[in-house]
Amino acid sequence: VVGCIGVGEKKLFDYVRKNGGYIHEGISVEKHNNLRGIYANKEIDAGTKLTEIPWNLTASGKDQCDCVYNLHIELIKGKESTIWPYLQTMSSYAPGQPMNWHDEAFEYVKQLPPYDYKRHLEWFKTDCRGNLEQYGRALELYIGRGVGDPNQGFAMVPIYDLFNHGNANNHNTRITYDFGVNLAMYATNDIKKGEQLFNSYGEGTPELFRDYGFVEPYPQLWDLGNGIRFRLVSTDRASFSQLNNRPRTREDFFQRVSSLHNHLLNLQIPQHTNKIKSTLPALAQHATQFFKSFTQLGKQLNFTHTVPLSYEDQLDVARAYRAALLHAIETAANALPVANSSHDPEDLHSQQDTGITSSSSSISLEDKNDEL
C-alpha cells in the first residue's frame, strides 16, 4: 500500500470509532521511507485485539462479483455513500497492478512468471460478465484491498486494508472473519513501540507482484514451473522445495530456466526519456479521462475511473521485479552443486513446502490460515 498520510485517513479512525468500531489506541497510520503503514505507538502484548470493524462500515457481497458491483455502487454515490469516509481514503490510491499498465510498460513483464497477469480481467468479464470500462476502478480496488472467504463472502474493510504485507517473521497479526458481523485483527507477537504491524496477503512472490504490483521483501517464494520451486530466505541463501522432479545440479537448473534467464539478461528497460515521446499521447488521454471523472456532478463525485501509475513508475516497478527475479535465479543456482561434485549443500535438503497456494483475486482467509 503506497501513499501519503492524509486528513481522510486520520478522519477514518474517528469515523470507525464513532460508528461502533474498535481501534486499539496503541496503533496509528504513519509514513516511513515513503511507505504508509500501521505502526505501534506503544508496546502491545501478543493476543491483543487491534481492530474490530462492524459490517455496516464495509462494502461486501456474497461472492466476489457481488462485492465488486456493490463497491461500484458506493463509488457512484460518492459523498452520499454511508461509507464515504472510507471511500475518500481510496480516491487517489493507485494499486499498480500490471494488468492495468500501459502496453509499452507491460511488455517488460508479460513474459515473466506468473504470466497470467490478465487473469482477473478475464475472470471478471467471464464469470461476472462485467464491463471493465464501467467497473474497472471497483475491480482494481477489490483485487488490491479486498478480503474474503468463499464459504462466507467477500468485503472491502476499512483499516484492515491499511496493514502492509509481510510473511514469516514479519507477519505479526491474525484476523477473525464473521461475514455480516465484523472483521477483527489481533497481534500474534509482542509488538514494540515503533514497530510496524503486518498482515499477510498470501504467498508466492510472482503472484503477489501480479495482484498487488510490488516485490515482496525476504523471504520470497518463487515457483518457476518445471520442478523449480524455492524460497529466497535472504539475499544470498535459497532453499529448494522437495519436489521429486526438482533440479539436482546447477547445470540442470540453468537448462530449465535458460529461456527465462536469457530474456532477463538480454532485454533491458530503457531510461524514461528514451520512450516518453511515444507514450505521451496515450498518457495524456488517460490523464484527461481520469481528471474528468473527478469533476463535480451536482453534489456527487465520480470515483469510478481507474487510477493509473505514471508510465515512469510502471517502468521502475518492472525494473525492480526483473532485477529481483534475476537475482533469485542466480542465488538459487548457487545453492546447487555443479555436476559430478560431491558437494551436497544443506539448502538442498530443506523441509518440503506444503499448503502454499497462489494468491486469489482477493486476500483470502484460507491463504491467511496457511500463514498462521
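Here are some questions and answers about helix packing, sheets and cores in this predicted model.

Q: What makes helix 2 and helix 6 count as meeting each other?
A: Contact means heavy atoms within 4.5 Å, and several residues on each side qualify. From helix 2 (residues 64-77) the list is Gln64, Cys67, Val68, Tyr69, Leu71, His72 and Leu75. They meet Gln134, Tyr135, Arg137, Ala138, Leu139, Leu141 and Tyr142 in helix 6. The two axes lie 9 Å apart, at an angle of about 115°, and the crossing is right-handed.

Q: How many residues in that contact are nonpolar, and how many are charged?
A: By class there are 10 nonpolar, three polar and one charged residues. Arg137 is in the contact, and Arg counts as charged.

Q: What about strand 13 and strand 14: how many bridges join them?
A: Four bridges join strand 13 (residues 228-234) to strand 14, and the two run antiparallel. The cut-off is at least two, so these strands count as paired. Leu232 stands opposite Ala238 in strand 14. The open sheet has the order 12-13-14, with strand 12 (220-225) and strand 14 (237-240) at its edges. Neighbouring strands here are turned by 25° against each other on average, direction ignored.

Q: What makes a set of residues a nonpolar core, and which residues have the most contacts inside the largest one?
A: The members must be buried nonpolar residues joined through side-chain atoms within 4.5 Å, and buried means under 20% relative accessible area. The largest core has 53 residues, and Met156 and Ile159 have the most contacts inside it. Helix 6 supplies the largest share, six residues. Leaving out residues up to four places away in sequence, Ile159 touches Leu12, Phe13, Val16, Ile23, Thr51 and Ile53.

Q: Which residues belong to the other core?
A: That core lies apart and has 36 residues, among them Leu232, Ala238, Ala328 and Ala333. Leu232 and Ala238 also stand opposite each other in the sheet.

Key
Residues are numbered from 1 along each chain as its sequence is written. This is a predicted model: local features need pLDDT of at least 70, side-chain atom pairs count only at pLDDT 80 or more; totals for chains, interfaces and linings use all residues. Side-chain values use heavy atoms; hydrogens and water are left out. Axes are lines fitted to C-alpha atoms, for helices over the stretch in contact, and angles run from 0 to 180 degrees between N-to-C directions. A crossing is left-handed if the near helix is turned anticlockwise from the far one by less than a right angle, and right-handed if clockwise. Buried means under 20% relative accessible area, exposed over 50%, partly exposed in between (1.4 Å probe, protein chains only).
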